[in-house]
Amino acid sequence: MNGDTGYPLEGRSWEDDVARDLPFSIQLHSARLFPPVTDHLPRLAALGYTNVEPTDSLYGDPAALRESLDESDLTALSGHFPLHLLEDDPDAACRIAETLGMRLVVCPFVPAEARPAATDDWRRFGDRLAAIAHLLRSRGFDFAWHNHDYEFRPLRDGSMPIQHIAADPAVHLEVDIAWIALAGMDPQPWLEGYAGRIAAVHVKDVAPRGSRADEDGWADVGTGIVPWPKLWKAAIAAGASLLIAEHDNPSDFDRFARRSIDAMRAFAAMTNGEPAAR
């Protein structure tokens, strides 16, 4: 294609350019056991991260958090917000997101006691999420649901909760690959099936069975059993603009952050057809 279109020349694909533009991102939930979380920001920047994903535990003073991010030249292009805040006080959620410079608002979880059980209940839950998505879109934000494993376990009629959650195209997805794998599913067809609606992907790894019990069976990115080199490329092909390293219970946050960005650099280099930097 020629330069008038804005697309790359000499056989390079749109996916190649997206891969080059992706920020190296990390979910700050991974640092919650090593407070204060904001003290890690300079180190994350030194490692090469340029973007972080905060959670609501850090929203007590959004202006102060923004100042800390700016001091380390970090962005927060997405963030996790609890369902009750998005439904009961969306104005507050939007103010937080605007202060932090976010473009994507993510709802990460519904507690087990409030979780739908039957198909009709999941359909109604999907309607609730659609209402949030349309409201946020009117305020200039995209909205995504972050999955765990339960969304990928079949209901009695054979459907899966994720299908009802994402019934409305306005509801995008932040796909947690490792949780899909733990549900016994192959993540790649789900990435392909929702291509164009994958706003972000959590880059998380699972330790070999019986290992890392002290870390709840999770692993640093690239050291576990999830086939990340191919899934990284599939995530980019599906349209993900954020690929975010995460570990739910690292015993050493700095180790996790360091190993994970090294792995993600290697995945990105493979996707771009370049040798990994040493």
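How many helices and strands does the protein have? It has eleven helices and ten strands. Helices (H or I, at least four residues) and strands (E, at least two) are DSSP runs, numbered from the N terminus.

Before we go on, a quick word on what we are looking at. This is a predicted model, where local features need pLDDT of at least 70 and side-chain atom pairs count only at pLDDT 80 or more, while totals for chains, interfaces and linings use all residues. Residues are numbered from 1 along each chain as its sequence is written, and side-chain values use heavy atoms, with hydrogens and water left out.

Let's start with the overall shape. The C-alpha atoms fill a box of roughly 55 × 50 × 40 Å along the principal axes.

Eight strands form an open sheet with parallel pairing, in the order E2-E1-E10-E7-E6-E5-E4-E3. Two strands pair if DSSP finds at least two bridges between them. At the edges sit strand E2 (51-53) and strand E3 (78-80), each pairing on one side only. From one strand to the next, the twist averages 30 degrees.

Let's zoom in on one pair. Strand E7 (residues 198-203) and strand E10 (residues 242-245) run parallel and are joined by four bridges. His202 has Ile244 in E10 as its bridge partner.

Two helices lie across these strands. Helix H10 (residues 228-237) lies across E7 and E10, at about 165 degrees to E7. Helix H11 (residues 253-272) lies across strand E1 (24-27), E7 and E10, at about 145 degrees to E1. Contact here means heavy atoms within 4.5 Å. Axes are lines fitted to C-alpha atoms, for helices over the stretch in contact, and angles run from 0 to 180 degrees between N-to-C directions.

On a 1 Å grid over the protein atoms alone, a cavity is a set of points where a 1.4 Å probe fits but cannot get out; a pocket is an open set with protein on both sides within 12 Å along at least five of seven lines; and lining residues have an atom within 4 Å of a point. Grid points are joined across faces, edges and corners, and a volume is the space filled by probe spheres set on the points.

The largest pocket holds about 310 Å³ of space. It is lined by 18 residues, and His29, His80, Pro108, Phe109 and His148 are the closest to its centre. That lining has six nonpolar, seven polar and five charged residues. For these classes, Ala, Val, Leu, Ile, Met, Phe, Trp, Tyr, Cys and Pro count as nonpolar, Asp, Glu, Lys and Arg as charged, and the others, Gly among them, as polar.

The second largest pocket has a volume of about 240 Å³. Among its 14 lining residues, Leu182, Val206, Ala207, Arg209 and Ile225 lie nearest the centre.

Strand E6 (172-176) and helix H9 (187-193) each give two or more residues to its lining, and E6 gives the most, with three. By class, this lining has ten nonpolar, one polar and one charged residues.

Finally, two backbone details. Most residues other than glycine have a negative phi, and most peptide bonds are trans. Here, the bond from Pro35 to Pro36 is cis, with omega near -5 degrees, and Pro36 is in the loop between E1 and helix H2 (41-47). Asp73 has a positive phi, near 55 degrees, and is found in the loop between helix H3 (62-71) and E3.
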